[in-house]
Amino acid sequence: LMLNFKKKCTYRLWYHSFSTLMKKALVTVGTTKFEELVRAVDSPAFAEVLRRQGFQELIIQTGTGRYLPRGLVPHGQQAHAQGLLVRHLNFTSSLPELMSSCSLIISHAGSGSIFEALTCTSSGTRLVVVPNPNLMDNHQAELSEHLAAMGHLVYAAPNTDALMAAVDTLPSVPRVPFKKGTANAIASHINDIVLQK
């Protein structure tokens with residue numbers, strides 16, 4: 001009995017270590033919907049770019065959108081496609097933990113999601129943000145441009161070609177680690193944008 005217990009514990013430790021070593025990419029739309037982003041990553045061409053960069057898993061968080069991913073694997077299923085383990089989820093209560101286990105996060109450009117990704121991940125985690133062009137005044141684009149100019153992230157349009165290009169450039173673009181004190185400069189920039197309107 002004791003030997004069997006040790007084998008189970010060893011297996012669990014090995015599996016946990018292996019699953020944390022897998023190179024994962026997370027796509028998140030937060031608590032809203034952003035169907036253009038979900039459609040853009042739900043394609044064999046996009047999955048191939050991830051696979052070429054050594055990713056083994058793609059997690060697509062779909063939020064409240066009506067579009068159900070089916071370009072890689074049917075919605076609600078977890079399966080291999082294009083050399084990646086692909087899974088979908090609508091929401092998760094443990095988004096910070098999920099983000100911290102990923103090497104790449106592709107996120108809508110809501111400020112909450114951006115700062116969550118920047119503060120809960122290691123300096124090796126890459127962040128690509130995608131502003132939603134359908135939002136009024138498109139402050140997301142301005143925030144994304146500012147943070148990209150600071151070197152914290154890369155931003156892209158919500159289409160497959162733009163996202164593939166963004167992911168392809170990541171190895172050659174160094175990431176400047178985000179420091180919590182940086183938020184004051186960003187808040188000041190946001191105030192400037194709002195006052196200009």
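Author: Gladly, starting with Gln61, which sits in strand β2; a strand here is a DSSP run of E of at least two residues, and strands are numbered from the N terminus. This is a predicted model, where local features need pLDDT of at least 70, side-chain atom pairs count only at pLDDT 80 or more, and totals for chains, interfaces and linings use all residues. Residues are numbered from 1 along each chain as its sequence is written, and side-chain values use heavy atoms, leaving out hydrogens and water.

Reader: Why is Gln61 called buried?

Author: Its relative accessibility is 3%, and buried means under 20% (exposed is over 50%, partly exposed in between, with a 1.4 Å probe and protein chains only). Gln61 therefore counts as buried.

Reader: Which residues does Gln61 touch, leaving aside those up to four places away in sequence?

Author: They are Val27, Thr28, Val29, Gly30, Val38, Leu89, Asn90 and Phe91; contact means heavy atoms within 4.5 Å.

Reader: What distance separates a polar atom of the Gln61 side chain from the backbone oxygen of Asn90?

Author: That distance is 2.7 Å.

Reader: How do you know that β1 and β2 pair?

Author: Two strands pair if DSSP finds at least two bridges between them. Strand β1 (residues 24-28) and strand β2 (residues 57-61) share five bridges, in the parallel sense.

Reader: What makes β3 and β7 edge strands?

Author: The open sheet has seven strands in the order β3-β4-β2-β1-β5-β6-β7, with mixed pairing. Strands β3 (79-81) and β7 (154-155) each pair on one side only.

Note on methods
Helices (H or I, at least four residues) and strands (E, at least two) are DSSP runs, numbered from the N terminus. A polar contact is a pair of N or O atoms within 3.5 Å; within protein, one must be able to donate a hydrogen and the other to accept it, and residues adjacent in sequence count only if both atoms are side-chain atoms.
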